[in-house]
Amino acid sequence: MAVVALDTICKRYPGGSEKAVDSVSFTVADGEFMVLLGPSGCGKSTTLRMIAGLESISSGTIAIDGDRMNGVPAKNRDIAMVFQSYALYPHMTVRDNLGFGLKRRQTDRAEVKRRVEEVAASIGLTDYLGRKPHALSGGQRQRVALGRAIVRDPKVFLFDEPLSNLDAALRVSTRAELVRLHRALTATMIYVTHDQVEAMTMGDRVCIMSEGRIAQIGRPMDVYMHPASTFVARFLGNPPMNLMEGAATETGLRVNDAAVPVATILNSGSAVTVGVRPEDLVPTDKADNALFSGQVTGIEPLGAETLVHVDARDGSPPIIVRGPREVAARLDETIHLACDPAMIRLFDAQTGIAISSKELA
Amino acid sequence: MATARPSSVFISPASLKMGALVVFIALYTAYSSGPFVWVAMMSLRTTTEIAADPYALPWPLHWEKFASAWTDSNYDAYFVNSVTVVLAAVAILTVIGGMAAHCFARYRFRFRGVLYFVIFSTIIFPPQVTVIGLFQILVEYGLYNSRVGLVLVYVSIQLPITIYILEAFFARIPNDLFDAARIDGYSEWSIFWRIALPVALPAISTTIILNTILLWNEFLYAVVLITEDDKRTLPLGVLRFMGDQLEDVGMIATGLMIAIVPVVLIYVFFSERLIQGMTAGAVK
């Protein structure tokens, strides 16, 4: 049980010109599941490693339960970490792997044995306690890595892309298992991933990072519905949010040829980036009121849904529409797309930062 | 042979290849084991017998030559000296070499590259270059003609190659393993003993075997730095049978066998380990 607070922490590697982590601040509440999400090289793993004490902090402070952790070695922070590579000790059996951290802290051998067996049973590894890691499957190794964290009953759990090495089916079940685990343990967890599905499904909150900085923090659906920048809009969601050029008018917006009744604080005539999620675009007959018109260049039936690629052939980026299983659109035909004005998101054309908007009328 | 019908008379190309290989290996084995067999035969014959016919079979078997070498020619002392010196040197080499290799592989510190270069570059000096200097140093520190001095010299000449072999292996151990141990609550010191060393065991045993064999056979430094008969190691034992006028070839062979047998035993029992360590792949 712990509160983890990061206050403007920075990381600069010796010889590096750019900061790997730049003024990152957030607080993870007691029992919260926080996901750090971002593309590779965005600083999310470095941030996690600084919380773990495996990486020094260039500036700023990290506190766990109000205690300043800067300079406290990893071994004294009472945290547990699950690595992408699992990092199981290859020369030890599953039993020894699970008990290795406990033995350090607990002198009572019987208690160590009891805890190890209890955790092994809870993650279905009882029959494998005598095996060494090389004799286990990928999924089993992953569970040992997980068990090694659970058995310690630490203040904070840290996960560094723990599911990336699993195959797709196992990833889905392990994801659910982790969520269940979080609920059962009510522990503070910080989880690093580049997989937005993991972020959306597991996190109480998501912290999206880009180039060492925080791009946005919020509950997954809030971040999805109201991205703070075009970076977040594009990074979250698959396919990503469609971005179009537009301009503010007296009555709202003009996007392509359509007048959209959205109130903005923008001066008439100023350029704006308009974002619409693929699932919010619907085909319309009314060409003059269409947000976007173009030729269908691709239809991708995914089973549950169908993605339709639409290209205006005027140099602007193509648009992707998420439709139901059966779509009326045919390849090469021209279609018109409209959208509920409430679902339109606006971003500054220069900076890409979100502009607050609300529907007229 | 184009019209040859399948028949047991004809030998298939595969078995022909196999046969050629067997013949080659047999010849090579005979070639390489020849000297060893010859010394083994001579070790059981007297010098007079050898002088009469150097290549004759050993008959009758003079086993008493071994007893005589052991008791009358001080080979018991040589053997004990060799075992002590080699064991001590190898133990120190393994611990210090392991620690140094772990540091070079794991930590980034100032002058790491320079230090590594300085240590490793010493292997370019042939022993003939350093032996006089070492002699001077040992005399100055009162270590000349002492087993402790010899152990220290052995450690210093084998340390670079030991570090080199171990560093390459340690560097391949994934860093996550050490991070995991740190998070599990262990200090850098216990991580070295509980994680790095056990995981690197194949490489460690390679260096142990390699150093044992090399130092067991070492002659040059031993002959220069040890003069007292009671402190000599096995390779110097032959000096016992070499006079100005006469060489007791038969006893030299017996002495050699006493020195060779432990090495052969090490090869027989550990050769697989040795190859394993040399060719060991990534740690999984």
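How many residues of domain 1 of chain A are in contact with residues of domain 2 of chain A? In this predicted model, local features require a pLDDT of at least 70 and side-chain atom pairs count only at pLDDT 80 or more, whereas totals for chains, interfaces and linings use all residues. Residues are numbered from 1 along each chain as its sequence is written, and chains are lettered from A in the order in which they are written.

The domain assignment of chain A, whose bounds come from an automatic or database source, gives domain 1 (4-230) and domain 2 (240-359). Between them, 5 residues of domain 1 of chain A are in contact with 8 residues of domain 2 of chain A, contact being defined by C-beta atoms, placed from the backbone, that lie within 7 Å. On the domain 1 side of chain A, the residues touching domain 2 divide into 2 nonpolar, 3 polar and no charged; Ala, Val, Leu, Ile, Met, Phe, Trp, Tyr, Cys and Pro count as nonpolar, Asp, Glu, Lys and Arg as charged, and the others, Gly among them, as polar. The C-alpha centres of the two domains of chain A lie 38 Å apart.

For chain B, the assignment gives domain 1 (13-43) and domain 2 (69-279), with C-alpha centres 31 Å apart. Here 4 residues of domain 1 of chain B are in contact with 6 residues of domain 2 of chain B. The side of domain 1 of chain B that touches domain 2 has 3 nonpolar, 1 polar and no charged residues.

Between the chains, 16 residues of chain B are in contact with 18 residues of chain A. The most is given by α8(B), with 6 residues. By class, this side of chain B has 9 nonpolar, 2 polar and 5 charged residues.

Within chain B, the axes of α4 (residues 75-106) and α7 (residues 147-171) come within 6 Å and cross at roughly 35°; axes are lines fitted to C-alpha atoms, for helices over the stretch in contact, and angles run from 0 to 180 degrees between N-to-C directions. The contact of α4(B) with α7(B) has 19 nonpolar, 7 polar and 3 charged residues.

Note on methods: Helices (H or I, at least four residues) and strands (E, at least two) are DSSP runs, numbered from the N terminus. Two residues are in contact if their C-beta atoms, placed from the backbone, lie within 7 Å.
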